Amino acid sequence: MSDSPLLELDAVSKRFAIRGGIAGSVRGHVNAVRQVNLTVQRGEVFGLAGESGSGKSTIARMIVGLLPPDGGTLRFAGRPVVQSRAIQMVFQNPGASLNPRRSIGQSLSVALAAAGVARAARRHRIADLLGLVQLPADTALRYPHELSGGQKQRVAIARAIAVAPRLLVLDEPTSALDVSVQAKIMELLVELGRSLGLTYIFISHDLSLMRNFADRVGVLYLGEVVEIGTTEALFGRPAHPYTRTLLASIPVVSAAEARLRPDIPLIEGEVPNAADLPSGCVFHPRCPYAFAPCTDQHPAFTRAEAGQTARCHLLAGDAASVHDMTTREQPA
Ligand code: SF4
């Protein structure tokens, strides 16, 4: 197996025009994604975390070739990303991604035809795919409106893997589902990842799911990656104040979890307008630790721990780390 990354994003940026008035003239731009660098290794589950509007879904659409970047490059297996069978996406709302007038068998057959599977072989292959996503074979005869949300998401996963992809981009794949169904879909994805040798990009605002599922995580704020690390490092010792605020907002169900929760003052103020970004560190208007350089100097990525880097002036030079500033006695 090659050690080179399966996916590489190098200084990827995307902005959208804001139009207004009767003529629809351009009034400005929203910087949806800015200078994003990341690599995803073969077989890895890479999580992209952030609130809505952080740029997660725009990055997802660029990775699957649905949107071109305005700047930078995306490479898959060493080549520029184009729409291809090798990269598939599973969307948040499985109902909207299935054609209501096609039976499940017909939908899967269309995907198999696109993958070059001969008509005579498709019926067997459809039964195999339904088996892989743990649905009964007679699901092929049913229509989307006859299925539950979880069953529809299983079909959407079956359709994505029908074309033998290498990378699956999972865009909030369980957020439209009940909690009990979410866990089963995640278990299924883990199993498929192992058995089919898939690489995943897992996009979610749900950090509890991210912690259980991802190997490494990138945290996005206003279109910029502010921290990347192994799941263990990032959740155990978050280096960026924004990551700490995200982790501090995860609901906890036990005293043990409460002890792991970072101690950080709640952030105040609204997320700034992406059409009018703050100078310096984009998080500075809301950061409880902002200090002199933060208002006008954009922080570079600095190593926090092995395999963990963050964009924060606190990590550079002699500045006290965010951990030093927030250490406290934890309740027993
Ligand atoms: Fe806060 Fe400054 Fe770090 Fe930005 S660079 S996260 S404002 S301490």
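User: What should I know about the model before reading it?

Analyst: The model is predicted, so local features need pLDDT of at least 70 and side-chain atom pairs count only at pLDDT 80 or more, while totals for chains, interfaces and linings use all residues. Residues are numbered from 1 along each chain as its sequence is written, and side-chain values use heavy atoms, with hydrogens and water left out.

User: How do H4 and H5 cross, and at what angle?

Analyst: Elements first: helices (H or I, at least four residues) and strands (E, at least two) are DSSP runs, numbered from the N terminus. Axes are lines fitted to C-alpha atoms, for helices over the stretch in contact, and angles run from 0 to 180 degrees between N-to-C directions. Here, helix H4 (residues 119-132) and helix H5 (residues 149-162) have axes that come within 9 Å and cross at roughly 125°. H4 and H5 are therefore oblique to each other. For the classes, under 35 degrees is roughly parallel, over 145 roughly antiparallel, 65 to 115 roughly perpendicular, and the rest oblique. The crossing of H4 past H5 is right-handed; that is, the near helix is turned clockwise from the far one by less than a right angle.

User: Which residues of H4 and H5 meet?

Analyst: Contact means heavy atoms within 4.5 Å. From H4 come Arg125, Leu129 and Leu132; from H5 come Ala158, Ile161 and Ala162. By class, the contact of H4 with H5 has 5 nonpolar residues, no polar and 1 charged. The scheme counts Ala, Val, Leu, Ile, Met, Phe, Trp, Tyr, Cys and Pro as nonpolar, Asp, Glu, Lys and Arg as charged, and the others, Gly among them, as polar. An α-helix has 3.6 residues a turn, so residues three or four places apart point the same way.

User: How many salt bridges are there?

Analyst: The rule asks for a side-chain nitrogen of Lys or Arg within 4 Å of a carboxyl oxygen of Asp or Glu. The count comes to 6 salt bridges. One of them pairs Glu172 with Lys56, with the closest N and O atoms 3.9 Å apart. Glu172 lies in the loop between strand E7 (167-171) and helix H6 (179-196), and Lys56 in helix H1 (residues 56-63), so the pair ties together parts that are 116 residues apart in sequence.

User: Are Glu172 and Lys56 buried or exposed?

Analyst: Buried means under 20% relative accessible area, exposed over 50%, partly exposed in between (1.4 Å probe, protein chains only). Glu172 is buried at 9%. Lys56 is buried at 5%.

User: How many residues of H1 are buried?

Analyst: 6 of the 8 are buried, so H1 is largely enclosed by the rest of the structure. The buried residues are Lys56, Thr58, Ile59, Ala60, Met62 and Ile63. Gly65 follows H1 and has a positive phi, near 85°.

User: Where is His240, and what does it touch?

Analyst: His240 sits in the loop between H8 and H9. Its relative accessible area is 1%, so His240 is buried. Leaving aside neighbours within four places in sequence, His240 contacts Val226, Glu227, Phe283, Ala310, Arg311 and Cys312.
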